[in-house]
Amino acid sequence: MFRVGIGHDTHRLGLNRPLILGGLRIEHPRGLIGHSDADVVLHALTDAMLGAAGLGDIGDAYPDTDPKYKECDSSVFVVETLRRLGEKGYRLVNIDCTIFAEEPKLGPIKAKMREHLAALLSLAVDAVNVKAKTGEKVGAIGRAEAIGCQVVALIEK
Ligand code: MG
């Protein structure tokens with residue numbers, strides 16, 4: 001049996017924060033603001049996996065009121081969610097990510113992010129897709145005030 005889930009996330013860009021996207025630290029003058037490391041890619045991925053398995057959302061599963069998640073590496077959400085999927089008898093089949101960022105330009109790091117996510121998820125690289133879009137100068141993302149991400153995940157029992 002196959003099931004599909006979708007995840008979405010947006011965080012604001014601000015000064016004095018490292019920029020972490022898809023588990024990678026990216027050199028940039030500003031980073032994403034949030035309780036954890038604010039990695040929109042891993043947050044959207046976590047929600048997509050939780051959604052596929054009918055396990056609710058990231059806010060319920062890993063509340064930002066919990067001090068143990070302050071400044072944390074968002075990989076912990078992904079790894080714990082994978083474990084929960086396994087407990088329910090599911091395995092991840094593939095994911096497809098679209099990152100919305102006016103800056104920095106993500107073209108040069110998409111391939112590295114894909115490999116990093118594949119390793120994190122124990123998937124083949126061709127089961128992980130990473131796409132990058134700008135905001136065409138429109139809206140908060142287009143003004144480079146925020147970065148967003150959408151992820152679709154397919155799981156199989
Ligand atoms: Mg988030």
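User: Which residue takes a positive phi just after α1?
Analyst: Helices are DSSP runs of H or I with at least four residues, strands are runs of E with at least two, and both are numbered from the N terminus. Just after α1, a positive phi of about 70 degrees is taken by Gly54.

User: What kind of model is this?
Analyst: Residues are numbered from 1 along each chain as its sequence is written, and side-chain values use heavy atoms, leaving out hydrogens and water. Local features need pLDDT of at least 70, side-chain atom pairs count only at pLDDT 80 or more, and totals for chains, interfaces and linings use all residues, since this is a predicted model.

User: How far does α1 reach from its first C-alpha to its last?
Analyst: Helix α1 covers residues 40-52, which is 13 residues. The expected span is 1.5 Å times one less than the number of residues. For α1 that expectation is 18 Å, and the model comes close to it, reaching 18 Å.

User: How many residues of α1 are buried?
Analyst: Buried means under 20% relative accessible area, exposed means over 50%, and partly exposed lies in between (1.4 Å probe, protein chains only). The buried residues of α1 include Val40, His43, Asp47 and Ala52. The helix is largely enclosed by the rest of the structure, because the buried count is 12 of the 13 residues.

User: Which residue's side-chain oxygen reaches the backbone nitrogen of Val41?
Analyst: The place is the start of α1. A polar contact is a pair of N or O atoms within 3.5 Å; within protein, one must be able to donate a hydrogen and the other to accept it, and residues adjacent in sequence count only if both atoms are side-chain atoms. Here the oxygen comes to within 3.1 Å of that nitrogen, and it belongs to Asp39.

User: Is Ala38 buried or exposed?
Analyst: Ala38 lies in the loop between β4 (31-32) and α1. Its phi is positive, about 65 degrees, although Ala38 is not a glycine. At 0% relative accessibility, Ala38 counts as buried.

User: Is Lys137 buried or exposed?
Analyst: Lys137 sits in the loop between β6 (128-133) and α5 (139-142). Its phi is also positive, near 65 degrees, in a residue other than glycine. With 65% relative accessibility, Lys137 counts as exposed.

User: Which residues are the protein donors of the magnesium ion?
Analyst: Donors are N, O and S atoms within 2.8 Å of the metal (3.2 Å for Na, K and Ca); water is not among the atoms, so sites may look incomplete. In sequence the spacing is D-x1-H-x31-H. The donors lie 2.1 to 2.2 Å from the ion, and they are Asp9 (OD), His11 (NE2) and His43 (ND1).

User: Are Asp9 and His11 buried or exposed?
Analyst: Asp9 has 15% relative accessibility and counts as buried. His11 has a relative accessible area of 15%, and is buried.

User: How many salt bridges does a search of the whole structure find?
Analyst: Arg143 and Glu145 form one of them, with the closest N and O atoms 2.9 Å apart. Arg17, Lys70 and Glu71 are linked in a network. The search finds nine.

User: What separates Glu80 and Arg83 along helix α3?
Analyst: Their side chains meet in a salt bridge of 2.8 Å, N to O. Glu80 is partly exposed at 27%, and Arg83 is partly exposed at 43%. In α3 (residues 75-87) they are three residues apart, which means a separation of about one helical turn.

User: Which residue meets Lys131 in a salt bridge?
Analyst: The N to O distance is 2.8 Å, and the partner is Asp96. Lys131 lies in β6 and its partner in β5, so the pair ties together parts 35 residues apart in sequence. Lys131 is partly exposed at 32%; 29% is the value for the partly exposed Asp96.

User: Which side chain makes a polar contact with that of Thr98?
Analyst: Thr98 is in strand β5 (residues 91-100) and is buried at 13%. Contact means heavy atoms within 4.5 Å. Beyond its neighbours within four places in sequence, Thr98 is in contact with residues including Lys133, Gly148 and Cys149. The polar contact spans 3.0 Å, and the partner is Lys131.

User: Which residue is joined to Pro104 by a cis peptide bond?
Analyst: Pro104 is found in the loop between β5 and α4 (110-121). Omega is about -5 degrees, and the partner is Glu103.

Methods
A salt bridge is a side-chain nitrogen of Lys or Arg within 4 Å of a carboxyl oxygen of Asp or Glu.
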